[in-house]
Amino acid sequence: MRSRRSVLAVPGSNPRFLEKAQTLPVDEVFLDLEDSVAPLAKEAARANVVAALREGDWSGKTRVVRVNDLTTRWTYRDVIEIVEGAGAFLDCLMLPKVQDPTEVVWLDTLLTQIEKTMGYEVGRIGIEAQIENARGLVNADAIAGSSERLETLVFGPADFMASINMRTLVVGEQPPGYVEGDAYHYILMRLLMAARMHDLQVIDGPYLQIKDVEGFRRVAQRSAALGFDGKWVLHPAQVDAANEVFSPSQEDYDHAELILEAYEYYTTVEKRGAVMLGDEMIDEASRKMALVVAAKGRAAGLSRTKRFTP
Ligand code: GLV
Ligand code: MG
């Protein structure tokens, strides 16, 4: 599974940003042909993106291109030009504003045709589906199960808030007047369930107040706490916060590795299933929880500072 703690959005029409993006320590970069590119710049942006993928140094990053959504006239040419031009330099396509599973099936089929025509390995290019309105959210379960290529669902809070008429203009913040609870809780949980039902990752979208890193951190913490795998970043200032918030703490990582090691010892050497690790009782369910944290810690490059002694 790829690490996606920080997912950098880069407008495909801006060569300076395409250059700068290569230097930032993000897990994923997506070169955008959709909402950060003006309608009159859409066609020219495709060639910029192909050149940036082919010639840029994206090592260590997952390379994604966001095409335009299927209600526009641009989508099919976006896919064909990007994948024919740079398919070998690309990991996934992101399809925005997905409302129903047939849209993902369409993209899967088109990708297969292009891969066969070009002699690429069939099925290597993955899909990220952005859920950005009520219809997409209600259909999220079916969307998440619609293609073997799907790697992640992605929440698009700006479009989503507009689509449901949520009464705020500040993306990710609570609508004024809503004083109980968290207005995003249902949406985030709904996406998490749909994604996990199909073993997909799930990514939180952008926080637009790019000068407010504390605000970013607070909003990122909310989805990270529920189990989201990462969040978009729009500015270098948000990158470190995203990588940190979506990595386990050193303490949690050490604890998780300790549980795995202790559980392995007790179940095999002592043949016991529910055992004590210090003051804590651990069993098979603890092992599963520890596996998740340990995997995220290893992916984040953490190393152990504690060892288990029976
Ligand atoms: C991202 O695409 C969003 O709409 O928030
Ligand atoms: Mg959007």
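A polar contact is a pair of N or O atoms within 3.5 Å; within protein, one must be able to donate a hydrogen and the other to accept it, and residues adjacent in sequence count only if both atoms are side-chain atoms. The model is predicted, so local features need pLDDT of at least 70 and side-chain atom pairs pLDDT 80 or more, while totals for chains, interfaces and linings use all residues. Residues are numbered from 1 along each chain as written, chains are lettered from A and ligands numbered from 1 in written order, and side-chain values use heavy atoms, without hydrogens and water.

An automatic or database assignment divides the protein into domain 1 (6-245) and domain 2 (250-299). Their C-alpha centres lie 34 Å apart.

Consider next the polar contacts of ligand 1. One of its oxygen atoms is 2.9 Å from an N or O atom in the side chain of Glu-132. Polar backbone atoms also take part: an oxygen atom of ligand 1 lies 3.1 Å from one in Pro-157, and an oxygen atom lies 2.7 Å from one in Ala-158. Taken alone, ligand 1 exposes 190 Å², of which the protein buries 94% (Shrake-Rupley method, 1.4 Å probe; for residues, only the protein chains shown count as cover).

The residues around ligand 1 (a heavy atom within 4 Å) include Arg-66, Gln-130 and Trp-232.
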